[in-house]
Amino acid sequence: MQDFVDDFKAFVMRGNVLDLAVAVVLGAAFISVVNSFVKDVVMQIVAAIGGQPAFTALTIDIGDGRIYYGSFITAVVNFLIVAFVVFLVVRLVTALQARRGATPAEEAASAEVQLLTEIRDQLREQR
């Protein structure tokens, strides 16, 4: 049982699990910002142009039933806007990283490669 607990601790404390947890928390916070942008800014522009901020009032009556196709259109528009905003953010972050140069992980990797190359060269000289 102790081995199981130790393995679980090692799993949870691995760097990529912690990074994933941070990403999920930040993603959840980012969702509220993007949703507010879509609802409070973009859809209000749509309302100014189209006369209504959402298309939920659009329906088709068939017999005793009602099809709310306007809700579907609103959901599709919201998805496209959210996807576009996320695309812009990712593109901005990528551009900023490219301007900054190598990331710390790349710098560490290049330092490791350089050290390993030096070790390899020294081993060759000893032969």
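The side chains of Asp61 and Arg66 meet in a salt bridge, with 2.7 Å from N to O, where a salt bridge is a side-chain nitrogen of Lys or Arg within 4 Å of a carboxyl oxygen of Asp or Glu. Arg66 is partly exposed, at a relative accessible area of 45%; on this scale buried means under 20% relative accessible area, exposed means over 50%, and partly exposed lies in between, with a 1.4 Å probe and protein chains only. The structure is a predicted model, in which local features need pLDDT of at least 70 and side-chain atom pairs count only at pLDDT 80 or more, while totals for chains, interfaces and linings use all residues. Residues are numbered from 1 along each chain as its sequence is written, and side-chain values use heavy atoms, with hydrogens and water left out.

A search of the whole structure finds 2 salt bridges, and one of them joins the side chains of Asp121 and Arg120 at 3.2 Å from N to O. Asp121 counts as partly exposed at 31% relative accessibility, and Arg120 counts as partly exposed at 40%. Side chains of opposite charge can pair when their charged atoms come close.

The overall fold can be read next. Along its principal axes the C-alpha trace spans about 90 × 50 × 25 Å, and buried residues make up 7% of the 127 residues in the chain. The protein chain exposes about 10,400 Å², of which carbon and sulfur atoms supply 67%, as computed by the Shrake-Rupley method with a 1.4 Å probe, where for residues only the protein chains shown count as cover. Among contacts between residues at least 6 apart in sequence, 31% join residues at least 24 apart, a contact being heavy atoms within 4.5 Å.

In soluble globular proteins, nonpolar side chains tend to be buried together. Here the largest nonpolar core consists of 6 residues, namely Val34, Val38, Val42, Met43, Ile81 and Val85; such a core is a set of buried Ala, Val, Leu, Ile, Met, Phe, Trp, Tyr and Cys residues joined through side-chain atoms within 4.5 Å. The elements that give two or more residues to this core are α2 (15–50) and α3, and α2 gives the most, with 4 residues. Val42 touches Phe37 and Ile81, when residues up to four places away in sequence are not counted.

Helix α3 also holds Val77, which is partly exposed with a relative accessible area of 23%. Leaving aside neighbours within four places in sequence, Val77 is in contact with Met43 and Phe55; Val77 and Met43 are 34 residues apart in sequence and 9.0 Å apart in space, C-alpha to C-alpha. Thr74, likewise found in helix α3, is buried with a relative accessible area of 10%, and beyond its neighbours within four places in sequence Thr74 is in contact with Ala54, Phe55 and Thr56.

On the surface, Ile60, Ile62, Ile67, Tyr69, Phe72, Ile73, Val76, Phe79 and Leu80 form a nonpolar patch with about 850 Å² of accessible area together. Patches are made of residues with over 30% relative accessible area and no salt bridge, like charges being joined within 9 Å and nonpolar side chains (Val, Leu, Ile, Met, Phe, Trp, Tyr) within 5 Å. At least two residues of the patch come from each of β1 (60–62) and α3 (69–100), and α3 provides the largest share, 6 residues. Phe79 has its place in helix α3 and is exposed, with a relative accessible area of 56%.
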